[in-house]
Amino acid sequence: MSAAIPKEESNYLRFYYMMMKVAPKAVRIKFNTEFSPIVLQKTLNQSKSKLSNLRKDKVINAIQWEHLFPRTGTVSSENFDFSLMICLLRNLADIPIDDIHPDPNNKTDGGNLSRLKYFRNKFAHATDCTMSDEIFEIKWKEISETIERIGGIQFKQPCEEAKVTKLDENDKELLLEWKNSKRKDPMSEGLCNINKEIIEEWKAEKGKVIETKAIKELSRLVKEENIVVVIGPSGCGKSTAIHQIA
């Protein structure tokens with residue numbers, strides 16, 4: 001039988017779960033009301049210039065960009081993470097979302113989304129994985145009410161259940177997930193810069209290669225499999241295909 005974990009650590013895990021697992025679902029509901037799934041791709045295409053500037057400023061990363069403008073398939077907010085949805089709501093829906101903790105009396109969409117963003121960032125830079133009962137009660141009330149205002153009354157029960165569900169050692173996987181997400185890139189800054197330069201060179205060459213049937217099939221396989229081996233006789237285009245896909 002799994003041992004119970006310390007109360008202050010349990011408080012932290014519950015709050016972590018709310019911010020990382022429940023809050024994004026509520027934000028997605030708000031996102032879909034602002035950007036109808038039916039015309040989402042059209043909206044993004046019309047705003048591509050503005051989004052490109054956000055990408056240049058590193059507000060939108062490469063993975064998020066791929067979800068905004070997928071090479072295959074249809075764009076869907078289901079593939080958008082919390083930060084990307086907040087970014088789009090802030091820049092395309094003109095909702096005033098701030099980086100600081102909003103006034104407690106600010107219950108507007110901007111205030112609610114700012115509150116979620118603030119607490120999310122706090123977790124991203126936290127160094128301590130514990131939370132006292134007093135702080136937990138105050139923050140839990142604030143964040144659960146915010147989630148309900150954003151996502152609707154349907155989130156009331158999930159929030160209540162998350163607060164009282166018994167946690168044990170098995171739930172420490174949540175904490176491990178958080179710790180792993182904070183691990184620093186093992187490459188030095190110099191190597192990272194070289195890597196970025198090479199990728200930019202590849203992007204510049206992208207339009208020079210004709211996308212053959214083989215390249216399309218390899219691209220599909222790379223997205224679906226962990227490992228793909230490309231074999232063939234000398235001169236058949238293995239290196240070119242791999243370079244293009246990379």
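The largest pocket holds about 1,300 Å³ of space. Its lining has 32 residues, and those closest to the pocket centre are Arg55, Ala62, Ile199, Glu200 and Lys203. Keep in mind that this is a predicted model.

Which elements give two or more residues to that lining? They are α3 (48-56), α4 (62-68), α10 (189-205), α11 (213-224) and α12 (238-245). The most comes from α10, which gives seven residues. Sorted by class, the lining has twelve charged, twelve nonpolar and eight polar residues.

Now to where the pocket sits. Domain 1 covers 7-183 and domain 2 covers 186-245; both give residues to the lining, so the largest pocket lies between the two domains.

Next, the core. The largest nonpolar core has 45 residues, and the members that touch the most others are Leu44, Leu51, Leu68, Phe80, Leu88, Leu116 and Ile147. At least two core residues come from each of α1 (7-34), α2 (40-46), α3, α4, α5 (82-91), α6 (109-124), α7 (133-151) and α8 (156-164). Of these, α1 supplies the largest share, eleven residues.

What is leucine 88 in contact with, leaving aside its neighbours within four places in sequence? The partners are Phe31, Phe35, Leu44, Leu51, Leu68, Phe80 and Ala93.

Technical notes:
Residues are numbered from 1 along each chain as its sequence is written. This is a predicted model: local features need pLDDT of at least 70, side-chain atom pairs count only at pLDDT 80 or more; totals for chains, interfaces and linings use all residues. Side-chain values use heavy atoms; hydrogens and water are left out. On a 1 Å grid over the protein atoms alone, a cavity is a set of points where a 1.4 Å probe fits but cannot get out, and a pocket is an open set with protein on both sides within 12 Å along at least five of seven lines; lining residues have an atom within 4 Å of a point. Grid points are joined across faces, edges and corners, and a volume is the space filled by probe spheres set on the points. Helices (H or I, at least four residues) and strands (E, at least two) are DSSP runs, numbered from the N terminus. Ala, Val, Leu, Ile, Met, Phe, Trp, Tyr, Cys and Pro count as nonpolar, Asp, Glu, Lys and Arg as charged, and the others, Gly among them, as polar. Domain bounds come from an automatic or database domain assignment. A nonpolar core is a set of buried Ala, Val, Leu, Ile, Met, Phe, Trp, Tyr and Cys residues joined through side-chain atoms within 4.5 Å. Buried means under 20% relative accessible area, exposed over 50%, partly exposed in between (1.4 Å probe, protein chains only). Contact means heavy atoms within 4.5 Å.
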